[in-house]
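Please consult the sequence and the structure while reading.

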Amino acid sequence: MSTIRNDHEVARDLAIEAGQQLLRLRVRSGFEEPEVLRTLGDRVAHEFLFSALGRLRPSDSVLSEEGRDDPARLSARRVWIIDPLDGTREFSEEGRTDWAVHVALWENGVLAAGAVSLPAMGSTLSTVDPPWFPEERPAGQRLRITTSRTRPPEFVQRMGTQLGAEIMPMGSAGAKICAVLLGMADLYVHAGGQFEWDSAAPVAVARAAGMHTSRIDGAELTYNESDPTLPDILVCRPELSATLLASIRDVADLDSADPHAGG
């Protein structure tokens, strides 16, 4: 860690190291007791990230899924928002790769840096070197929607039907957003319940890459709020955003359904 020079590198390197620790834990513990593995994974990654940030950025606040929420962060200028293990269910299932480590920095009202490590895929996406995506989608290519594997919003199936899209259920929110960034999907949409740590790091990377990121009504995603819930999200290629937001409105209105229902 002595070679770390800036916040982007801090986020990237800590996410990578936490991910490596989680891979080693998987090998040592095996998969016979999934609940035990999930608990250990959350704890090991949180303790490493919290300790490392305390050493490297002692003046900054930290908001972690696995830590106590210190209200002092609300008056802090810099807050690290971390999800030590996003996709714990998938982490505890042998062979699954759709789990992640999220490390993001919120500074003066904006996401300033972020990294998503996908350890089982051997990949890390970060604001150090944001991923590049093609300027144009292949002509005639069917839209691909990635959404929650275990809690897909009810309206997504209607949206898929309306757009003639393929639905791709996946685990971690970070893995789903990275699928969009890597061109394996065209959009990620979720409603029905998330928190800031679920999306801060992948949204930081998506924004740095030029992607559209918003709530499903088009409102801005905001972070370091007193209530850390952030229940819905849309991430997509920028040229698709108007069509997709209109589709969400349409399918939600078809039966007067709340688009947040069923998440």
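Q: Which residue stands opposite Cys236 in β10?
A: The model examined here is predicted. Strands β9 and β10 pair in the antiparallel sense, over three bridges. Opposite Cys236 in β10 stands His212.

Q: Are Ile233, Val235, Leu234 and Cys236 of strand β10 buried or exposed?
A: Strand β10 comprises residues 233-236, with Ile233 and Val235 on one side and Leu234 and Cys236 on the other. Both faces of the strand are covered, and these four residues are all buried.

Q: In β10, what is the bridge partner of Tyr188?
A: Strands β8 and β10 pair in the antiparallel sense over four bridges. On the other hand, β6 (residues 144-148) and β8 (residues 187-190) pair in the parallel sense over two bridges, and Tyr188 in β8 is the bridge partner of Thr146. In β10, the partner of Tyr188 is Val235.

Q: Which are the edge strands of the open sheet formed by five strands?
A: The sheet has mixed pairing and runs in the order β7-β6-β8-β10-β9. An edge strand pairs on one side only, and this holds for β7 (166-170) and β9 (212-214).

Q: How far apart are the end C-alpha atoms of helix α1?
A: Helix α1 covers residues 7-29, and at its start a side-chain oxygen of Asn6 reaches to within 3.1 Å of the backbone nitrogen of His8. Gly30, with a positive phi near 70°, follows the helix.

Key
Residues are numbered from 1 along each chain as its sequence is written. This is a predicted model: local features need pLDDT of at least 70, side-chain atom pairs count only at pLDDT 80 or more; totals for chains, interfaces and linings use all residues. Side-chain values use heavy atoms; hydrogens and water are left out. Two strands pair if DSSP finds at least two bridges between them. The expected span of a helix is 1.5 Å times one less than its number of residues. A polar contact is a pair of N or O atoms within 3.5 Å; within protein, one must be able to donate a hydrogen and the other to accept it, and residues adjacent in sequence count only if both atoms are side-chain atoms. Buried means under 20% relative accessible area, exposed over 50%, partly exposed in between (1.4 Å probe, protein chains only).
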